[in-house]
Amino acid sequence: MTSKIYQKNATIIDNFRINGGYYKLILATPEIADRIIPGQFVHIRINDKTDPLLRRPFSVHRVIKNKGKFNKGQIEILYGIVGRGTEILSKVSPKKKLDILGPLGNGFKIGSEYSTHILIAGGMGVAPLMFLAERLSKAKAKNPKQKIVVLIGAQTKRKIFCEKEFKKLGCDIRISTDDGSNGFKGRVNSQLTQILPLFKNQASMIYACGPEA
Ligand SMILES: Cc1cc2nc3c(=O)[nH]c(=O)nc-3n(C[C@H](O)[C@H](O)[C@H](O)COP(=O)(O)OP(=O)(O)OC[C@H]3O[C@@H](n4cnc5c(N)ncnc54)[C@H](O)[C@@H]3O)c2cc1C
């Protein structure tokens with residue numbers, strides 16, 4: 001099934017720096033907020049000039065659904081500065097508008113028949129997995145036997161995001177850092193190899209987002 005893709009001038013509600021030198025962008029975009037599913041992304045036109053020419057893709061980190069006239073749907077994006085586009089984006093002020101295109105991509109296929117959901121986030125890969133965990137925790141509320149395990153991997157302690165938020169959703173969190181400053185020392189995929197035997201007899205689904213291992 002193909003779903004409609006919107007091109008909208010979304011108002012920036014907020015755009016601010018969080019820990020680890022990363023940023024959070026909140027956009028008012030009711031149509032996209034209502035339809036986007038975890039793992040899908042939006043394409044953002046950074047400014048109205050021809051440089052940078054191409055739109056930049058960003059996953060949706062969280063969605064705040066439409067709640068009537070004065071509470072329009074919003075999407076949140078978590079991003080890091082890697083080049084010119086994200087540098088410009090980090091300086092865009094609230095109340096301005098950004099031309100966005102979405103929802104794009106297929107998104108995660110949620111395996112509701114599975115008893116254990118293992119989410120693996122490498123670095124900025126945590127961004128779409130928060131949205132996924134929120135959806136999974138709603139399903140878990142109806143079926144409390146379901147388990148959500150989240151593996152968060154980062155270069156160092158300072159770059160670990162959303163640990164508290166995942167905990168609030170009732171997820172079982174495992175941290176790994178490349179430098180060993182928090183949790184397991186090493187890459188998140190090595191930690192996965194270590195813990196997989198724990199789930200041997202459980203129907204498990206693995207969802208992952210991050211750089212190549
Ligand atoms: C589907 C999708 C979803 C994404 N979601 C997010 C997100 O939620 N948060 C976020 O921070 N980033 C996300 N990204 C990456 C983001 O799109 C890039 O960081 C951004 O486009 C870089 O633009 P720029 O103009 O700042 O950098 P550019 O000037 O375009 O690039 C600067 C340098 O970074 C490298 N680079 C650019 N993009 C990537 C990339 N995707 N991976 C590795 N190296 C790259 C380039 O090769 C270059 O060396 C996503 C990418 C994709 C494809």
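**Entry 1. The ligand shell**

I began with the residues around the ligand and sorted them by type: eight are nonpolar, five polar and two charged. The model I am reading is a predicted one, and I keep that in mind for every entry below.

I then asked which residues of the shell come nearest to the ligand. Of the 15 residues around the ligand, these are Arg56, Pro57, Leu78, Gly85 and Thr86.

Next I looked up which elements supply the shell. I found that β4, β6 (74-80) and α2 each give at least two residues. Strand β4 provides the largest share, with four residues.

For Leu78, I noted a backbone N or O atom at 2.8 Å from a nitrogen atom of the ligand. For Gly80, a polar backbone atom is 3.0 Å from an oxygen atom of the ligand. For Gly83, I recorded a backbone N or O atom that also lies 3.0 Å from a ligand oxygen atom. I then looked up the cover: the ligand taken alone exposes 890 Å², and the protein buries 52% of that.

**Entry 2. Thr86**

I returned to Thr86, one of the residues that come nearest to the ligand. I located Thr86 in helix α2. Is Thr86 buried or exposed? Its relative accessibility is 9%, so I count Thr86 as buried. I also followed its side chain, which reaches the backbone nitrogen of Gly83 at 3.2 Å.

**Entry 3. Salt bridges**

How many salt bridges does a search of the whole structure find? The search returns nine, and I examined several of them in turn.

I took Arg84 and Asp51 to begin with; their closest N and O atoms are 2.8 Å apart. This pair links distant parts of the chain, with Arg84 in helix α2 (residues 84-89) and Asp51 in the loop between β3 (41-45) and β4 (56-59), 33 residues apart. I checked the accessibility of both partners. Arg84 has 47% relative accessibility and counts as partly exposed, and Asp51, with a relative accessible area of 41%, is partly exposed as well.

I turned to Arg55 and Asp99, whose side chains meet in a salt bridge at 2.9 Å, N to O. Arg55 lies in the loop between β3 and β4 and Asp99 in strand β7 (residues 97-104), so this bridge ties together parts that are 44 residues apart in sequence. The two partners fall into separate classes in my table of accessibility: Arg55 is partly exposed at 21%, whereas Asp99 counts as buried at 16%. The limit that divides them is 20% relative accessible area, because buried means under that value.

I also looked up Asp178 and Arg187, which form a salt bridge with their closest N and O atoms 3.4 Å apart. Asp178 is partly exposed, with a relative accessible area of 32%. Arg187 is partly exposed too, at 47% relative accessibility.

**Entry 4. Helix α3**

I tested the length of helix α3, residues 126-142. At 1.5 Å a residue, its 17 residues should span 24 Å, and the end C-alpha atoms are 25 Å apart, which agrees.

I then asked how many of the 17 residues of α3 are buried. The number is twelve, so by the under-20% limit α3 is mostly covered. The buried residues include Val126, Ala127, Pro128, Leu129, Met130, Phe131, Leu132, Ala133 and Glu134. Leu136, Ser137 and Lys140 are also among them.

**Entry 5. Two loop residues**

Leu54 is found in the loop between β3 and β4, and at 59% relative accessibility I count Leu54 as exposed. The C-alpha atoms of Leu54 and His43 are separated by 9.2 Å, with the two residues eleven apart along the chain.

I placed Ile160 in the loop between β9 (147-154) and α4 (163-168). Ile160 is buried, with a relative accessible area of 8%. From Ile160 to Arg17 I read 14 Å, C-alpha to C-alpha, for two residues that are 143 apart in sequence.

Key:
Residues are numbered from 1 along each chain as its sequence is written. This is a predicted model: local features need pLDDT of at least 70, side-chain atom pairs count only at pLDDT 80 or more; totals for chains, interfaces and linings use all residues. Side-chain values use heavy atoms; hydrogens and water are left out. The expected span of a helix is 1.5 Å times one less than its number of residues. Buried means under 20% relative accessible area, exposed over 50%, partly exposed in between (1.4 Å probe, protein chains only). A salt bridge is a side-chain nitrogen of Lys or Arg within 4 Å of a carboxyl oxygen of Asp or Glu. A residue is near a molecule or strand if one of its heavy atoms lies within 4 Å of it. A polar contact is a pair of N or O atoms within 3.5 Å; within protein, one must be able to donate a hydrogen and the other to accept it, and residues adjacent in sequence count only if both atoms are side-chain atoms. Accessible areas come from the Shrake-Rupley method with a 1.4 Å probe; for residues, only the protein chains shown count as cover. Ala, Val, Leu, Ile, Met, Phe, Trp, Tyr, Cys and Pro count as nonpolar, Asp, Glu, Lys and Arg as charged, and the others, Gly among them, as polar.
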